[in-house]
Amino acid sequence: GAMPNPLPILPVTYDGTLFVGDNLDIMRRHLSDGSVDLVYLDPPFQSGKAYHVYTGVTRSMAGPVAFSDTWTFGLQTRRALDAMVSDGEPIGRALSGLFGFLGPCDMMAYLTMMAERIVEIRRVLRVSGSVFLHCDPTASHYLKIVMDAVFGPECFRNEIVWRYRRWPTKARRFQRMHDVILFYTRAPATCHTFHTLYGYKDLAESTKKTFGN
């Protein structure tokens, strides 16, 4: 059975509620401190796509664009960056250092956007909460600095490598065949336990063919 939650239950819950929109705005307006058990995020970077409010529907039904994955350093980014730097928190110092290295580029705009949200994610996570940030090697090294600055290096648990297969093609570099998932906990406590996963013999043949046992 499920282990009892040692933390107090907040009076406001959103069980079964789906929020649609900018997650930064939703966290700030709707989520209380320490109210979330787990966060998983898979933010794209420079995919060149426009992401709609509703997915899984036809183009004509997709609704308004939620955001366009083309990051440009502009006035809004500058203001957000200055606000975090002026707070004097570790994330501000980390972003200041990254800005000194990267300058006002697309990557810096992306990291600033991510930092705003990661700060809010830390706020809304319970003490026993976890966060999994899925990214690719294009930005994973920078995002780990941001995560260390927000959560603290002592809350880093694992860099999970998600390996996948691709057909070989002619190229001037080795194939890009993995993503990275950065696993952090809200607090450096030892209450997070992974249990043995049974039932490998019952996995689908396609799964065993791809990943083995």
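Tutor: Let's start with a term: a residue is buried when its relative accessible area is under 20%, exposed when it is over 50%, and partly exposed in between, using a 1.4 Å probe and protein chains only. Keep in mind that this is a predicted model, where local features need pLDDT of at least 70, side-chain atom pairs count only at pLDDT 80 or more, and totals for chains, interfaces and linings use all residues. Residues are numbered from 1 along each chain as its sequence is written, and side-chain values use heavy atoms, leaving out hydrogens and water.

Student: Okay, how many helices and strands are there in the protein?

Tutor: Helices (H or I, at least four residues) and strands (E, at least two) are DSSP runs, numbered from the N terminus. Here you get six helices and six strands, running α-β-β-β-α-α-α-β-α-β-β-α from the N terminus. Of the 213 residues, 31% are buried.

Student: Which residues of α3 are buried?

Tutor: The general idea goes like this: an α-helix has 3.6 residues a turn, so residues three or four places apart point the same way. In α3, the buried ones are I91, G92, A94, L95 and L98. Looking down the axis of α3, these fall within an arc of 160°, so they line one face of the helix. That arc is taken from the directions from the helix axis to the C-beta atoms.

Student: And which exposed residues sit on the face of α3 turned away from its buried side?

Tutor: That face carries R93, G100 and F101.

Student: What do the buried residues of α3 pack against?

Tutor: Contact means heavy atoms within 4.5 Å. The buried residues of α3 pack against α2 (75-86), α4 (106-124) and α5 (140-151).

Student: How many residues does the largest nonpolar core have?

Tutor: A nonpolar core is a set of buried Ala, Val, Leu, Ile, Met, Phe, Trp, Tyr and Cys residues joined through side-chain atoms within 4.5 Å. The largest one has 39 residues, and Y110, V131, L143 and F151 have the most contacts inside it. Its largest share, eleven residues, comes from α4. As for V131, its contacts beyond four places in sequence include V39, I121, F151 and Y184.
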